[in-house]
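The structure is shown below.

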Amino acid sequence: MAVIEAARTDSAAGVQQRLEQFGREVLAQAMNRPAQMENGGLYLRALVEEGKRKSLEPMVERLVGEADYQSMQQFLSDSPWDPAEVVRVVAERVAPVIDVEAWVLDDTGFPKQGKHSPGVKRQYSGTLGKIGNCQIGVSVHAVGDHGSVPLGWALYLPEEWCEEQERRARAKIPDEVEFKTKPELGKELIERAGEWDVKRAPILGDEAYGANTQLRGDLDDAGFQYVFSVDKTASVFAPETAFALPERAGKTGRPRTRLRPDRKPERVKELLARLAPEKLETVTFRDGPDGEPITSRFCFLRVRALKRWENGAEQKPREEWLICEWPEGANGPSDYWISNLPADTPPERLARLARMRWKIELDYKQLKGELGLDHYEGRSYLGWHHHTALVTAAHGFLTLERLCPRARRPA
């Protein structure tokens, strides 16, 4: 939705007036210079207005003399304002009106030509569905029945980018930025957003995050709930596994302090093939764009996740939910998830959360298709984060326009 489309039900001047006011409110916490505020407001307007390309040069051209290209470029690439502060203010404005049910941790690809954009290399991108020349951005989004709002963005820098000083200098990568995996970047975004005035909700993510036991453990320690996809080859301890201290070696041996399981872990696929057929239950839950009821068959088991158990451990591994969907008529499960939600969580809630991650695709559709999330052409690390923060602000404005028609009328 762009300003011109909004004008079908309201005057273009009214929409622009509200956008300018919104921009002043969400940018003020991060920007303390008049030139920053002016350029930020113009950039927001150019993102929201009609125009196929949302990179800097065509946006400046569409602003018809109101913006200076050099000033806008400096504002985007080098100006010292905090993009996370813009995202925070937007999230705290939008989250209360979308009825947040989950946070989604994900990453997306930004196809690129050349090799000078920060973080770019030939790497696998789910967006491309193959290996291609691209950047990868890690993000967290709050999603609910009425929409979504990004909670943070981080540009993934491959190890060679972090090690080569010349490339770092060209891309203006700060000295304190070190190599971090995508799960590590995601964890930082989640913990930062956890300090904001935004409703906490279970974290959803795909197999790349679900397979990371360190991430799951860190989130659990920090008080976050999660429902992550896992691969059928992941290993867990079956529900009937017992953990006990082995007897000491002889009468004079030291007492054993490390628990040992009474059986080996099993792959998820084999465990569910053994136990699921007798434990399947039909669950109806709300799903889809209009929240229509969906019915499918699921199995819910309480298992313990595999860690390094060669020498035992002093405590049992944490108990988690292992969830699988086994559609009627299928030869086996279609999807698998692992979750630390409480043991008394209703099946309907587990099933709904497990299936909710698709909503992130709606976010990306608008963020990329309408607002130019992937159109940034600069070669600045900070500029990438500035651009994603301003796209987040534009997205938040359009969400509020859609959900709060009574608030549209200026006082």
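## Surroundings of L189

The model is predicted. Leaving aside residues up to four places away in sequence, L189 touches V138, S139, V140, G152, W153 and A154. L189 lies in helix 9, which spans residues 182-193.

Is L189 buried or exposed? Its relative accessibility is 4%, and buried means under 20%, so L189 counts as buried. A242 is 53 residues from L189 along the chain, and the C-alpha atoms of L189 and A242 are separated by 37 Å.

## Helix 2 against helix 15

Two packed helices are described by the angle between their axes and the distance between the axes. For helix 2 (residues 12-27) and helix 15 (residues 381-403), the axes come within 11 Å and cross at roughly 130°. That angle makes helix 2 oblique to helix 15. The crossing of helix 2 and helix 15 is right-handed.

Helix 2 contributes V15, R18, L19, F22, V26 and L27 to the contact, while helix 15 contributes L390, A393, G396, F397, L400 and E401. By class, the residues of this contact are nine nonpolar, one polar and two charged.

## E401 and R18

E401 belongs to helix 15. What does the side chain of E401 make a polar contact with? The partner is the side chain of R18, at 2.8 Å.

E401 has a relative accessible area of 5%. The cut-off for buried is under 20%, so E401 is buried.

Key: Residues numbered from 1 in each chain as written. Predicted model: local features only at pLDDT ≥ 70, side-chain atom pairs only at ≥ 80, totals over all residues. Heavy atoms only, no water. Axes fitted to C-alpha atoms, helices over the stretch in contact; angles between N-to-C directions. Helix = DSSP H or I, 4+ residues; strand = E, 2+ residues; numbered from the N terminus. Parallel < 35°, antiparallel > 145°, perpendicular 65-115°, else oblique. Left-handed = near helix turned anticlockwise from the far one by under 90°. Contact = heavy atoms within 4.5 Å. Nonpolar A, V, L, I, M, F, W, Y, C, P; charged D, E, K, R; others polar. Buried < 20%, exposed > 50% of the residue type's maximum accessible area, 1.4 Å probe, protein only. Polar contact = N/O pair within 3.5 Å; in protein donor to acceptor, adjacent residues only side chain to side chain.
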